[in-house]
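Here are my notes on this one, jotted down as I went through it. Have a look at the model first, then read on.

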Amino acid sequence: MADVQVDVSEIHWLMEMFQTVDVGLVVVNCDYRIQVWNGFMESHSGLSPRQVRERYLFDLFPEIDEDWLRRKCDPVLLLKNRAFTIWEQRPYIFKFRNYRPITGSAEFMYQNSTIFPLSNTRGEVTHLCLIIYDVTDVAVSRLELESMNHRLHQLSKTDFLTQLHNRGSWENTLVQEYKRIQRYQHVSSLLMIDIDHFKRVNDDYGHAAGDEVIREIATLVKKNLRETDIAGRYGGEEFAVLLVDTPEAQALYFAERLRKLVDKTPVTYQDTVIQCSVSIGVAESWPQMENHRQWLERADKALYLSKANGRNQVTLASQMPVEPVAPGIS
Ligand SMILES: Nc1nc2c(ncn2[C@@H]2O[C@H](COP(=O)(O)OP(=O)(O)OP(=O)(O)O)[C@@H](O)[C@H]2O)c(=O)[nH]1
């Protein structure tokens, strides 16, 4: 009699633990009808064990991807092994709202789960048990870390003042484009753009006004680009633009349009209106160029000529009187 009492109280304790444990416990039969539903599942779903008993799991929770979960569970029934799901693959099985104060940024509870078979006394698998773990804290910190790393990576490539590529990042894309040209023999063009008499802007209106001019001209550059073009801030008041798959004639058209736009768009800083212009050098890629630096030098020389010839103009490298960098070009 005493033994029976011990057994009964042990079952009572087990039931209490089952009810209060901080993981979800669900048992379904082979037809996916719910048999057991613990306190965790009740408090997160709002459905009592009585409300869910004998209900078809996928009817009650239509958000569960039935094909996917069956693909996980069928081998458990057949082969008596265990299966696992992790939040990185699928954020959750049961779409429960997240109410945790610390990880409140997550709308839903991230879940891992273990699925294992339950056998009868004859060793036949008759039911499946799903254990649902709330891993929202881990998932949210991991996602925040990843997003922070992504942001840092972006920042390391971005010029703070203009949000264009910084010089290092822009040169990397130029190197990639150079390699692509070597491989596929297509034509791209490079523009070097420099704000005219920029020192005067700083001297006359102050450094903050100078910064505003750089920002505004960068915005005009950005607005005029196609998605495949890549613009960077190459130096203080110098920008570089890579026009991918663009021959010189089209690059000239782009450059002239930008030049005219800057010329007719004065920058307003506080109450001061500042008139600006840019000089531009354009160089088309050529098959014999030996590295990306030769290409840069050629665009830079064309820019230098624009400056020397009076500024506020565009010069094509192909029209320079001598071409010292690429002597083989006709
Ligand atoms: N406000 C501001 N000025 C900068 C920045 N970077 C460089 N500068 C200034 O840009 C000026 C560039 O002057 P210069 O290279 O002499 O050329 P310029 O006056 O533009 O004359 P040209 O290029 O010959 O037309 C210098 O006074 C630099 O101090 C920046 O980020 N912000």
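**Notes on the predicted model**

1. Starting with the ligand: helix 9 gives the largest share of the shell around it, four residues. Bear in mind that this is a predicted model. Helix 9 (207-224), strand 6 (189-195) and helix 8 (198-205) each put at least two residues into that shell.

2. Which residues come nearest to the ligand? Of the 16 around it, they are Asp-196, Phe-198, Lys-199, Gly-210 and Gly-236. By type, the shell splits into seven charged, five polar and four nonpolar residues.

3. On to the packing. The largest nonpolar core runs to 44 residues, and those with the most contacts inside it are Leu-191, Ile-217, Val-241, Ala-255, Ile-280, Val-282 and Ala-299. Helix 10 (residues 248-263) provides the largest share of this core, six residues. Another core, of 22 residues, lies apart from it, with Ile-34, Val-52, Phe-94 and Ala-139 among its members.

4. Not counting residues up to four places away in sequence, Leu-191 touches Ala-240, Val-241, Leu-243, Ala-251, Ala-255, Ile-280, Val-282 and Ala-299.

5. Ala-317 sits in the segment after strand 12 (314-316). Is Ala-317 buried or exposed? It counts as buried, because it has 27 C-beta neighbours inside 10 Å and the cut-off for buried is 20 or more. Leaving aside neighbours within four places in sequence, the contacts of Ala-317 are Gly-281, Val-282, Ala-283, Arg-298, Ala-299, Lys-301 and Ala-302. Asn-202, on the other hand, is 30 Å from Ala-317, C-alpha to C-alpha, and 115 residues away in sequence.

6. Helix 6 (residues 136-157) has 22 residues and reaches 31 Å from its first C-alpha to its last, close to the 32 Å expected at 1.5 Å a residue. The number of buried residues in helix 6 is two of the 22, so this helix lies largely in the open.

7. Two backbone angles to check by eye. Most residues other than glycine have a negative phi. Asp-245, in the loop between strand 8 (238-243) and helix 10, has a positive phi near 55 degrees. With 16 C-beta neighbours inside 10 Å, Asp-245 counts as partly exposed.

8. The other one is Gln-270, whose phi is positive too, near 50 degrees. Gln-270 lies in the loop between strand 9 (267-269) and strand 10 (272-274). Gln-270 is exposed, as 9 other C-beta atoms lie within 10 Å and the cut-off for exposed is 12 or fewer.

How values were computed. Residues numbered from 1 in each chain as written. Predicted model: local features only at pLDDT ≥ 70, side-chain atom pairs only at ≥ 80, totals over all residues. Contact = placed C-beta atoms within 7 Å. Near = placed C-beta within 6 Å. Nonpolar A, V, L, I, M, F, W, Y, C, P; charged D, E, K, R; others polar. Expected span 1.5 Å × (residues − 1). Core = buried A, V, L, I, M, F, W, Y, C linked by C-beta atoms within 7 Å.
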